[in-house]
Amino acid sequence: MCRPDTRVVLYACHELGDPVATLRLLRTRALDRGWVVHAELYDLCPLAARSTQRPQWQLVMKLLTQGNAQAVLVLKEAQIELERRHQLEVRRRLEVVGATAHFLLEPRRSRREVLRRGGG
């Protein structure tokens, strides 16, 4: 869990519909935890699109890599990557830059547990 005053990026990916409600929910939860919202970003594309092909996700990674934020808050991990092996790749990239991801609608899974299950 991040400490209060952690700078976070909110991220959503929507195939259809408007991401405003999702970002509003993420913002509320982030502020409830005492986090500082650095940016709110979203991609409008199919969820099956790889994160490497999403311009706003690339901006999320840039902000985290440059140290402008320390974490990303997302509704669920499938909004970043659908396939488990790709989710693991994203988690590893986040780890390399010293950032964390938090998912509102999913039970907390440790990286070790994901790796032990073979990531997929």
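How many salt bridges does the count come to by the rule applied here? The count comes to seven salt bridges, a salt bridge being a side-chain nitrogen of Lys or Arg within 4 Å of a carboxyl oxygen of Asp or Glu. The structure is a predicted model, in which local features need pLDDT of at least 70 and side-chain atom pairs count only at pLDDT 80 or more, while totals for chains, interfaces and linings use all residues. Residues are numbered from 1 along each chain as its sequence is written, and side-chain values use heavy atoms, with hydrogens and water left out.

Strand E1 spans residues 7-14; helices (H or I, at least four residues) and strands (E, at least two) are DSSP runs, numbered from the N terminus. Seven of the eight residues of E1 are buried, so the strand is largely enclosed by the rest of the structure. Here, buried denotes under 20% relative accessible area, exposed over 50%, and partly exposed the range in between (1.4 Å probe, protein chains only).

Strand E1 pairs with strand E2 (residues 36-44) in the parallel sense over eight bridges, where pairing requires that DSSP find at least two bridges between two strands. Within this pairing, Val-9 stands opposite Ala-39 of E2. The chain passes from E1 to E2 through helix H1 (residues 20-32), and this β-α-β crossover is right-handed; that is, with the strands pointing away from the viewer, the path from the first strand over the helix to the second runs clockwise. Strand E1 also pairs with strand E3 (residues 71-74), in the parallel sense and over four bridges. In this case Tyr-11 stands opposite Val-74 of E3.

Among the salt bridges, one joins the side chains of Glu-40 and Arg-27 (2.6 Å, N to O). This pair links distant parts of the chain, since Glu-40 lies in strand E2 and Arg-27 in helix H1, 13 residues apart. Glu-40 has a relative accessible area of 32% and is therefore partly exposed; Arg-27, at 29% relative accessibility, likewise counts as partly exposed.

A further salt bridge is formed by Arg-3 and Asp-5, whose closest N and O atoms are 2.3 Å apart. Arg-3 counts as exposed because its relative accessibility is 55%, whereas Asp-5, at 45%, is partly exposed. Glu-83 and Arg-85 form another salt bridge, with the closest N and O atoms 3.1 Å apart. Of these two residues, Glu-83 is partly exposed at 40% relative accessibility, and Arg-85 is exposed at 52%. Finally, Arg-50, Glu-81 and Glu-89 are linked in a network of salt bridges.
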